[in-house]
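Q: I have a model open on my screen and would like to learn how to read it. Could we start with the charged pairs?

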Amino acid sequence: MSLLIQEPPLQVLPSLAVKVGLNEAIVLQQIHYWLLKSNNVRDGYKWVYNSYREWNKQFPFFSRNTLIRAFNSLEKQGYLVSANYNKAKFDKTKWYRINYRKLEGKRSTQNGYTRDPEWVDGGTQNGETNTNRLPETTSKTNNKHSASPSAAPSVSQLEDDFETVWEQYPNKKGKKEAFNHYKAWRKKSKSNTNDHLLKCLGIYKDYINANKSWYHPMNGSTWFNGRFDDDWSTDGSTTQSSFDEDSFFNDHSDPFKDVDTSDLPF
């Protein structure tokens with residue numbers, strides 16, 4: 001089978017890739033394509049929705065983590081807005097719209113300009129764009145409004161944000177407990193962000209590298225339980241805990257394990 005184009009291609013403008021990043025541009029262009037076709041209007045905007053599993057079908061060349069990073073990057077840059085308009089609380093599917101005003105109000109297509117799909121009657125001046133796309137995988141739903149883009153992060157958003165930090169953490173033990181600690185911490189304050197946590201993780205990893213001859217990274221469940229704010233200095237001073245609690249308690253869980261019970265008087 002030839003690897004030359006024999007199927008609908010994904011197209012992206014180089015200028016958009018320069019502006020937002022290549023992976024991000026590919027994702028953003030695909031979302032733009034579906035917004036032009038979308039009939040899902042909420043709060044005066046058009047939206048599209050999909051799980052990451054379904055989005056991945058449209059971008060089979062991306063790993064799931066790469067795809068999540070692209071979506072998160074677009075949201076962080078302000079080009080993509082997410083919300084949850086699902087009726088069922090357990091439905092974690094995220095809804096997206098593009099912040100076209102941040103992209104200077106109008107988006108150019110391959111053969112002209114597109115009217116802003118943030119408008120309810122959004123369409124193109126030429127009828128259709130000159131961009132072919134992979135088959136639509138967006139599921140149909142009659143879900144009504146349940147939250148707004150300005151609401152607190154959804155569970156699915158917290159899961160995605162947590163994965164961004166977890167994949168960089170050096171000791172993968174206690175993931176479930178770590179996520180519970182992370183979720184509670186994020187909900188305490190708007191200032192509790194991934195940027196802060198990643199900065200703390202960088203300091204902690206520097207400490208690990210500086211003391212790798214004797215120090216073993218604590219379980220993820222321990223570090224995410226507020227230990228990221230410890231003073232993990234690398235200037236030769238001692239941290240609030242200069243020994244590995246996890247290894248200590250594991251090694252001392254049975255204080256009589258090395259005793260010869262035949263010598264005991266009972």
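A: Side chains of opposite charge can pair when their charged atoms come close. Here, Glu75 forms a salt bridge with Lys94, and their closest N and O atoms are 2.9 Å apart. Because Glu75 lies in helix α4 and Lys94 in strand β5, the pair ties together parts that are 19 residues apart in sequence. The term salt bridge means a side-chain nitrogen of Lys or Arg within 4 Å of a carboxyl oxygen of Asp or Glu. Helices (H or I, at least four residues) and strands (E, at least two) are DSSP runs, numbered from the N terminus. One caution: this is a predicted model, so local features need pLDDT of at least 70 and side-chain atom pairs count only at pLDDT 80 or more, while totals for chains, interfaces and linings use all residues. Residues are numbered from 1 along each chain as its sequence is written, and side-chain values use heavy atoms, with hydrogens and water left out.

Q: How many salt bridges does a search of the whole structure find?
A: The search finds 7. Another of them joins Lys76 to Asp195, with the closest N and O atoms 3.0 Å apart. This pair links distant parts of the chain, as Lys76 is in helix α4 and Asp195 in helix α7 (residues 194-210), 119 residues apart. Asp230 and Arg227 also meet through their side chains, at 2.4 Å from N to O.

Q: Which residues touch the most other members of the largest nonpolar core?
A: The general idea is that in soluble globular proteins, nonpolar side chains tend to be buried together. A nonpolar core is a set of buried Ala, Val, Leu, Ile, Met, Phe, Trp, Tyr and Cys residues joined through side-chain atoms within 4.5 Å. The largest one has 28 residues, and Val27, Leu28, Ile31, Trp55, Phe71, Leu80 and Ile98 touch the most other members. Its largest share, 8 residues, comes from α2. Take Leu28: leaving aside residues up to four places away in sequence, Leu28 is in contact (heavy atoms within 4.5 Å) with Leu16, Leu74, Tyr79, Leu80, Ile98 and Leu103.

Q: What lines the second largest pocket?
A: Rolling a probe the size of a water molecule over the atoms shows where empty space is left. On a 1 Å grid over the protein atoms alone, using a 1.4 Å probe, a pocket is an open set of points with protein on both sides within 12 Å along at least five of seven lines; lining residues have an atom within 4 Å of a point. The second largest pocket has 13 lining residues, with Ser51, Tyr52, Arg64, Ser156 and Asp160 nearest its centre. α5 gives the largest share of that lining, 4 residues.

Q: And which helix holds Asp161?
A: Asp161 lies in helix α5. At 11% relative accessibility, Asp161 counts as buried. Beyond residues up to four places away in sequence, Asp161 touches Asn72, Tyr182, Arg186 and Asn194.

Definitions and conventions. Buried means under 20% relative accessible area, exposed over 50%, partly exposed in between (1.4 Å probe, protein chains only).
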